[in-house]
Amino acid sequence: MRQTTFISKEELQSEQAIAEAIAKENEGLDLKYVVETFGCQMNVRDSETIKGELNEMGYTETFDKSDADLILYNTCCVRDHAEKRLMGNIGALKELKEQKPGLIIGICGCMMQQEGMAKKLLKRFSHVSLIFGTNVLHRLPELLEAVRNGERVILTDRSFDAIAEDLPQLRDNPRSAFVNIMYGCDNYCSYCIVPYVRGRERSRAPKDIRNEIVSLCKSGITEITLLGQNVNSYGNDGSTGMTFSELLHCVADVPGLKRLRFMSSHPKDLSEDVMQAIATLPNVCHHVHLPVQSGNDEILKRMNRRYTREAYLSIVKRLRELVPDIEFTTDIIVGFPGETEEAFSDTLSLVDSVGFAAAFTFAYSPRAGTVAARMEEQIPEPVKKRRLRELNELQARKTVENNQTYIGHVGEVLIEGFDERADVTMLYGKYSNFKMVYFPGNPALLNQYVTVRVTGINKNSLMGEMIDA
Ligand code: SAH
Ligand code: SF4
Ligand code: F3S
């Protein structure tokens, strides 16, 4: 059994004291920050914490960089182009810094955890003065204090894997929230950099998760998405005394919680108990994001995914037996080293037979330090591009097929937003199973649940009409 370590109350209090001191100094100065977030929901959630901390220190959010006193990039490094893009973004701030010498420019997130990256960036960009990694968010007050005193600061620590609870947060979505249940990843899929930059897998305590959900639901939030790189292995290290399906039962009855979602699910750990929980708990949504990555056994093995095509298909089949209206979404990588045309066609045939509601598809991108980056038989870029196009064309057809089965469907939709069109206001939102529908209605209904009947389909979504309000 693994012991999870938590950041001590004393340490958190001392950071809090620094934050309060900074807030005092900032009084009346109207200082503003921009936090720009790249990557997945983990980073989105981390940015909410960072913004909460900055608010406590007397800064307020702006979306206009020219108006900002602090600009922070929360980075991702899961694929290659992110790095080039970041370099461009940071380079472009040089002028702004010259006009406004007091401007603090910082970089955080997964990319900063890559070996040597933080030092390289600090050296290359003299206008950057703050760099920190994913495991030290609770130390932001101390870091910012040093930067405000004229230092240039780096804090990235790849061994530092403790959990900090009760950090401030700024959430701007009033209906829906992400809640981390675990951090890090131990799976070491051979293509993936996440375990190297996010550290060892560690699970939060059930009571901390439940308390967070209780307070979110009290504030009016009705939809919670539990987050982890592999939620199905929650508690597998024995540290929490609870499995993922038990956790679902433990939080599902929180008052006010209408929809409970989770992501991502790793097929190797999706147990019968979890499937039963989806089938029986009334507010667990009928949608599973189940990344398959490839439809070919040899490639799955080389990816170190630890399931076969057949095992994947049998999970899909079993879940459809238990939950007939369930929808699946997935992630797929094409052009993994050694992927032959035949292996690629296995991916196409899997996509054809499962019928995903949507697929997030990627060309394999070698990440330094991972096993797959060292494999021979790397696939040429044009081949990857062509396979990606073929796969996307197939999925586009499957999406339309899937959408067509919804004509006449009636169900509850949580309204997420609206588009003002020339002649009509279109509201949009999702059914429990993640299908998106557009329908005419009054924007005052934003964040509410309404019943919608599907009357037609659009390229990627459903069209409908409200049958109550
Ligand atoms: N933990 C999640 C995935 C997180 S990364 C899971 O295992 O399901 C999100 C997606 O990015 C992955 O599912 C994969 O499809 C893609 N990805 C990760 N590393 C990649 C790489 N080196 N090249 C291309 N795509 C990659
Ligand atoms: Fe990466 Fe695999 Fe972990 Fe997902 S499960 S984060 S793909 S190593
Ligand atoms: Fe990117 Fe880090 Fe997420 S590398 S995909 S932001 S865990």
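I started at L130, which stands opposite V153 in β6. This is a predicted model, where local features need pLDDT of at least 70 and side-chain atom pairs count only at pLDDT 80 or more, while totals for chains, interfaces and linings use all residues. Residues are numbered from 1 along each chain as its sequence is written, chains are lettered from A and ligands numbered from 1 in the order written, and side-chain values use heavy atoms, without hydrogens or water.

**Entry 1**

I looked up how β5 (130-132) connects to β6, and found 3 bridges with the two running parallel. Strands here are DSSP E runs of at least two residues, helices are H or I runs of at least four, and both are numbered from the N terminus. Two strands count as paired if DSSP finds at least two bridges between them.

Zooming out, I got an open sheet of 6 strands in the order β2-β1-β3-β4-β5-β6, with parallel pairing. β2 (60-61) and β6 (153-155) are the edge strands, each pairing on one side only.

Next I followed β4 (104-109) to its partners. β3 (70-75) pairs with β4 in the parallel sense over 6 bridges, and L72 stands opposite G106. On to β5: 2 bridges join β4 to it, again parallel, and G106 has L130 as its bridge partner there.

How many residues of β4 are buried? I get 6 of its 6, so I noted the strand as mostly covered. (Buried means under 20% relative accessible area, exposed over 50%, partly exposed in between, with a 1.4 Å probe and protein chains only.) I104, G106 and C108 point one way, I105, I107 and G109 the other, and all are buried.

**Entry 2: strand β13**

β13 (327-334) was my next stop. Because 8 of its 8 residues are buried, β13 is largely enclosed by the rest of the structure. E327, T329, D331 and I333 cover one side, and F328, T330, I332 and V334 the other.

I checked its neighbours too. β12 (287-289) joins β13 through 3 bridges, running parallel, with V288 partnered by F328. β13 and β14 also run parallel, joined by 6 bridges, and T330 has A359 as its bridge partner in β14.

**Entry 3: the largest pocket**

I put its volume at about 1100 Å³. It has 48 lining residues, and the closest to its centre are C40, V78, R79, Q229 and D331. The elements giving two or more residues to the lining are α2 (41-56), α3 (81-91), α7 (194-198), β13 and β14 (358-363). By class, I count 27 nonpolar, 15 polar and 6 charged in the lining.

A pocket here is an open set of points on a 1 Å grid over the protein atoms alone where a 1.4 Å probe fits, with protein on both sides within 12 Å along at least five of seven lines; lining residues have an atom within 4 Å of a point. Points join across faces, edges and corners, and volume is the space filled by probe spheres set on them. Ala, Val, Leu, Ile, Met, Phe, Trp, Tyr, Cys and Pro count as nonpolar, Asp, Glu, Lys and Arg as charged, the others, Gly among them, as polar.

**Entry 4: the ligands**

Where does ligand 2 sit? I found it in the largest pocket (more than half of its atoms lie within 2 Å of the grid points). Its surrounding residues (a heavy atom within 4 Å) include C185, Y188, H266 and R305. That shell has 7 nonpolar, 3 polar and 1 charged residues.

G39, C40, N43, C76, C77, V78, C110, R198 and Q229 surround ligand 3, dividing into 5 nonpolar, 3 polar and 1 charged.
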